[in-house]
Amino acid sequence: MENLDTNKIIKYAGEYKQQVIDSRDVARMIGKTHRHLMRDIRGYINDMKDSPKLDSPKFFIESSYISSQNKELPCYLLTKQGCEFVANKLTGRKGTIFTATYVGLFNQYQAEHNGKMIGADKNLTRENLEFKLKWLAEMRKQNINKAHELRNQDVKLYLELGKVADDYQRPRMATDFRNEAIRAMQALPVGARREYSATEIGNIIGVSPIAIGKWANKLGVKRDADMSYRDHDGAWRYFPEALKVFQDNALEIQDDDLGL
């Protein structure tokens, strides 16, 4: 991991004067071109428009910079929540390393400026805590059906972070991460909602999986978090409420699938 200067990377910006990292620095940390990261962030912001409780500027703040060709170009300033959002989209060791990096940067910056910024830090902590609670509530509401999967991912992430801490000879940090993994495992929920794949529903009403995907869009099933969600492999999963909608429209779906 490269040696990063927190005073050059961490800045303050936005309505709540949050600590932020320039998207160009984030792109370098995760090994992605800035253009591709900008494309991804714009997609995240567009998705957030569907959830009024998710205020995108608390994740990503629009900004700009002057290029070596003296042109003003767009960029984003990522808050700690924004970095967390990007990290959650990464897979494997790359996501683990980025998580350890940005968490370390923010914590180190706070430690170095604690004396100077203590008043501002208290306000930031309160604002961030309030926002974090709202954000977690919204995420859990949208992903209640994936509680087992989310908790298992939490356990895996904390264990990976423990290994990273070991690599950098941070035994106390490693212990903290492993304790978090234990707490996450103990919190695993019992039971889960019945889910169906497009193939399973297609078999039930006698149509192709492609027809199910097509009519899920037509009937608004994919826009309702209580009826469906998209898993990490990009496949749609449907709940019993969605199955009922498909069954209520089975004749139309069958005729359409047959080209009638």
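**Entry 1. Criterion and model**

I take a salt bridge to be a side-chain nitrogen of Lys or Arg within 4 Å of a carboxyl oxygen of Asp or Glu. I note at the outset that the model I am reading is predicted.

**Entry 2. Lys-163 and Glu-160**

I applied the criterion to Lys-163 and Glu-160, which form a salt bridge with their closest N and O atoms 4.0 Å apart. I recorded the position of the two residues in helix α7, which spans residues 147-167. They are three residues apart there, so about one helical turn separates them. I then looked up the accessibility of each partner. Lys-163 is partly exposed at 46% relative accessibility, and Glu-160 is likewise listed as partly exposed, with a relative accessible area of 23%.

**Entry 3. Arg-178 and Asp-166**

I looked up a second pair involving helix α7. Arg-178 and Asp-166 form a salt bridge in which the closest N and O atoms are 2.4 Å apart. I note that this pair links distant parts of the chain, with Arg-178 in helix α8 (residues 171-186) and Asp-166 in helix α7, 12 residues apart. I find Arg-178 partly exposed, its relative accessible area being 30%. Asp-166 is partly exposed too, at 37%.

**Entry 4. The loop between α7 and α8**

I checked the backbone between these helices. Gln-169 is found in the loop between α7 and α8. I recorded its phi as positive, about 55 degrees, although the residue is not a glycine. Gln-169 counts as exposed, with 67% relative accessibility.

**Entry 5. Arg-28 and Asp-25**

I turned to helix α2, residues 23-30, where Arg-28 and Asp-25 lie three residues apart and are therefore separated by about one helical turn. The two form a salt bridge, and I read 2.2 Å between the closest N and O atoms.

For the structure, I record nine salt bridges. As background, I note that side chains of opposite charge can pair when their charged atoms come close.

**Entry 6. The β3-β4 hairpin**

I next examined strand β3 (residues 60-66) and strand β4 (residues 72-79), which pair in the antiparallel sense over seven bridges. Within this pairing I located Ser-63, which stands opposite Cys-75 in β4. The two strands form a hairpin with five residues between them. Asn-70 lies in the loop between β3 and β4, and I list it as exposed at 65% relative accessibility.

**Entry 7. The chain as a whole**

I closed with the totals. The secondary structure of the protein chain comes to 12 helices and six strands. Of its 260 residues, 40% are buried. I looked up the contacts between residues at least 6 apart in sequence, and 57% of them join residues at least 24 apart. The protein chain exposes about 15,600 Å², and I note that carbon and sulfur atoms supply 51% of this area.

Notes:
Residues are numbered from 1 along each chain as its sequence is written. This is a predicted model: local features need pLDDT of at least 70, side-chain atom pairs count only at pLDDT 80 or more; totals for chains, interfaces and linings use all residues. Side-chain values use heavy atoms; hydrogens and water are left out. Helices (H or I, at least four residues) and strands (E, at least two) are DSSP runs, numbered from the N terminus. Buried means under 20% relative accessible area, exposed over 50%, partly exposed in between (1.4 Å probe, protein chains only). Contact means heavy atoms within 4.5 Å. Accessible areas come from the Shrake-Rupley method with a 1.4 Å probe; for residues, only the protein chains shown count as cover. Two strands pair if DSSP finds at least two bridges between them.
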